[in-house]
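Here is a short briefing to read alongside the model.

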Amino acid sequence: MSEERFMRRAIELAREATERGDNPFGSVLVHDGEVVMEGSNRVVTEDDVRRHPELNLARLAVRDLEPEIRDETTMYTSAEPCPMCAGGMRYAGFDRVVYATSGAEIAEFTGHEPGVRASEILDGVTEVEGPVCHEEALALHDSFW
């Protein structure tokens, strides 16, 4: 199934982030069955809170992709987007976002309070689905946090 292939790539990008010294988050943008952009968390290594992969890909997509393309694009991401990232994604206007672990699960790992769900922020703009490849993503977070 291509959903799992794209999600596994997002999880691999999250794993690469940890190897670099960043937190375990990765994302890919897919249009018409092809990866058009990908990224991983760089908040620590670039000392920039905006370098969540979802927000960065939303920024790049708005810059580089026509609205009609973004409207047909799916983001696969290793974790449900935080409120900041979901806000950027709302502006970008993606068709779907598919995540591997929920924001509530990430909050449990990190000891933070769960934030507003991405589905609330993206309501009416972007369909939110998940989890996909849940066990693989949980194992990565469990080994990291």
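Valine 125 touches Arg90, Gly93, Phe94 and Asp95, leaving aside residues up to four places away in sequence. Please keep in mind that this is a predicted model.

**Valine 125 and its surroundings**

- You will find valine 125 in the loop that lies between helix H6 (118–122) and strand S5 (127–129).
- One of the residues it touches is Arg90; valine 125 and arginine 90 are 35 residues apart in sequence, yet their C-alpha atoms are 6.4 Å apart in space.

**Strand S1 and its cover**

- Which residues lie on each side of S1? Gly26, Val28 and Val30 are on one side, with Ser27, Leu29 and His31 on the other, and both faces are covered.

**Partners of S1**

- Strand S2 (residues 34–40) runs antiparallel to S1, and 6 bridges join the two.
- Within that pairing, valine 28 has glutamate 38 of S2 as its bridge partner.
- The hairpin of S1 and S2 has 2 residues between the strands, and aspartate 32 there takes a positive phi near 55 degrees.
- Strand S3 (residues 73–77) also runs antiparallel to S1, joined to it by 5 bridges.
- Here serine 27 has threonine 77 of S3 as its bridge partner.

**The chain as a whole**

- The protein chain has 7 helices and 5 strands, and from the N terminus on they follow the order α-β-β-α-α-β-α-β-α-α-β-α.
- Its radius of gyration is 14 Å, close to the 15 Å that the globule rule gives for 145 residues, so the chain is as compact as a globular protein of that length.
- Along the principal axes, the C-alpha trace spans about 40 × 30 × 25 Å.
- Buried residues account for 46% of the 145 residues.
- Of the contacts between residues at least 6 apart in sequence, 63% join residues at least 24 apart.

**Surface and charge**

- The accessible surface of the chain is about 7,200 Å², and 46% of it belongs to carbon and sulfur atoms.
- The chain carries 14 positive and 30 negative charges, whose mean positions are 5 Å apart.

How values were computed:
Residues numbered from 1 in each chain as written. Predicted model: local features only at pLDDT ≥ 70, side-chain atom pairs only at ≥ 80, totals over all residues. Heavy atoms only, no water. Helix = DSSP H or I, 4+ residues; strand = E, 2+ residues; numbered from the N terminus. Rg over C-alpha atoms; globule rule 2.2 N^0.38 Å. Buried < 20%, exposed > 50% of the residue type's maximum accessible area, 1.4 Å probe, protein only. Contact = heavy atoms within 4.5 Å. Areas by Shrake-Rupley, 256 points an atom, 1.4 Å probe, with all protein chains shown as cover. Lys, Arg positive; Asp, Glu negative; His and termini not counted. Charge placed at Lys NZ, Arg CZ, Asp CG, Glu CD. Pairing = 2+ DSSP bridges.
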